[in-house]
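Take a look at the structure below. We will walk through a sheet, a pair of helices and a single helix.

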Amino acid sequence: MDDKRQVVIAGAGVAGLTAALAFAERGYPVQVFEQAQRLEAVGAGIQLSPNATRILRQLGVLKRLLPATVRPEAVVLKDARTLRELARVPLGQAAEERWGAPYLVAHRADLQSALTAHVAENPNIRLVKGARVSGAATGDDGVTATLETDGKTVQSQGFLLVGADGVWSSVRAVVDRARGGSSRSRFSGELAWRTTVAADSGAGQAFAAIGAADCVTTFLHPGFHMVAYPVSKGDAFNLVAFTKGERIAEGWSGHADPVILANAMSGTAAALARLVEMAGPWLTWPLHTVDQKQHWTTPTGIALIGDAAHAMTPFAAQGAAMAIEDAATLAGVIADFPADPKQGLAIWENLRRPRVEKVIRRGALNRLAWHAWGPVALARNLVLATRPAEKLAADLDWLYGWEEPKIIRR
């Protein structure tokens with residue numbers, strides 16, 4: 001491979017594999033290094049809004065993914081105490097017509113499998129498992145990544161190193177050393193409680209009785225909120241509840257005392273409480289974020305994307321979409337400035353920051369609204385009741401209707 005054009009990517013999750021495909025599509029040779037020996041999807045369900053599926057379609061991945069997905073008819077907000085519907089944002093065909101791409105829900109493993117299969121077919125991409133990028137050195141010849149694999153230390157060289165290695169990124173530590181930042185992630189104080197239930201199980205039927213089996217349903221309550229939607233072609237439902245909680249083990253998932261969830265649900269409708277009890281056991285995920293003041297790039301040829309750059313709480317359901325956007329835009333901007341990757345990296349970071357920061361603010365606003373209580377909750381319900389579905393959809397045009405910006409050289 002030509003080291004002067006080679007892209008080295010740390011991490012073979014959604015961000016890393018999308019970046020590999022986006023760079024390879026533009027003719028770059030790519031090496032992807034994944035520390036796990038096997039690619040296993042972390043998490044359960046995933047929401048893919050039109051800003052993400054548009055990119056997956058451009059990369060040829062969507063047609064492979066579609067058979068495993070569900071196209072929900074709406075996002076429905078319900079009061080967890082009364083189960084009364086508060087608002088409905090139309091999706092389905094209306095979303096595709098409005099935003100030019102479908103809104104889909106799927107199991108994360110299905111997205112991972114579709115990306116992996118597409119990568120395997122691309123001769124410009126080499127995927128190496130069981131290899132962790134532990135460090136990097138930069139110089140006139142580009143970036144040299146240090147890899148730990150099979151008890152040995154080896155190196156890989158390219159003109160660009162992309163850190164797509166998640167919230168506990170080792171590449172972020174390299175960027176922070178170069179830029180003088182802090183590489184540690186921060187526990188947000190929030191826990192995500194996740195489970196998946198078969199649609200024909202007792203829990204699946206209990207959800208269908210109070211939710212909408214063909215929609216994304218969010219139950220709102222001062223102490224928690226829960227999002228539920230179909231996955232695996234509709235054969236199962238993904239349930240995820242969010243509560244305040246203490247930090248648990250440093251890792252993706254673990255177990256926390258279910259009393260935390262039960263206490264947070266005080267005062268909810270009996271049918272919803274019964275569903276949560278039937279749907280267990282629940283895996284608990286600590287939600288970590290990354291300092292948004294840190295840099296995402298170095299002038300010497302390193303870039304962070306996805307959670308490595310800007311891990312965020314999931315309250316806008318945009319974590320995967322932002323990773324996919326990052327990957328596609330990074331490849332596009334770098335290809336637009338082939339003779340000056342330093343300038344390309346600076347332009348890319350300046351383009352992406354306002355977009356990502358706006359999404360983070362939207363997530364914070366959603367959480368505030370969904371956990372409102374007392375007069376604030378009454379005001380929220382009144383606003384939702386008087387706002388037509390068309391207006392609720394229009395409020396999301398900036399998010400779902402986004403398309404990759406075109407760079408105009410002067």
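Predicted model: local features only at pLDDT ≥ 70, side-chain atom pairs only at ≥ 80, totals over all residues.

β9 covers residues 142–149, and it pairs with β8 in the antiparallel sense over eight bridges.

Now widen the view. The open sheet has three strands, in the order β8-β9-β10, and the pairing is antiparallel. β8 (131–139) and β10 (152–158) stand at the edges with a single partner strand each, so one side of each has no neighbour in the sheet. Neighbouring strands are turned against each other by 25° on average, direction ignored. What holds such strands together? Strands of a sheet pair through backbone hydrogen bonds.

Next come two helices. Two packed helices are described by the angle between their axes and the distance between the axes. Helix α1 (residues 14–25) packs against helix α5 (residues 108–120) at an angle of about 30°, and the axes are 10 Å apart. Angles under 35 degrees count as roughly parallel, so α1 is roughly parallel to α5. The crossing of α1 past α5 is left-handed.

Which residues of α1 meet α5? They are Val-14, Leu-17, Thr-18 and Leu-21. Their contacts in α5 include Leu-111, Leu-115 and Val-119. An α-helix has 3.6 residues a turn, so residues three or four places apart point the same way.

Finish with helix α12. This helix has 30 residues, 341–370, and reaches 43 Å from its first C-alpha to its last. That is close to the 44 Å expected at 1.5 Å a residue. Still, α12 has a kink of about 25° at Arg-353, shortly before the proline Pro-354.

Notes:
Residues numbered from 1 in each chain as written. Heavy atoms only, no water. Pairing = 2+ DSSP bridges. Helix = DSSP H or I, 4+ residues; strand = E, 2+ residues; numbered from the N terminus. Axes fitted to C-alpha atoms, helices over the stretch in contact; angles between N-to-C directions. Expected span 1.5 Å × (residues − 1). Bend = angle between axes of the 7 residues up to and from the residue. Parallel < 35°, antiparallel > 145°, perpendicular 65-115°, else oblique. Left-handed = near helix turned anticlockwise from the far one by under 90°. Contact = heavy atoms within 4.5 Å.
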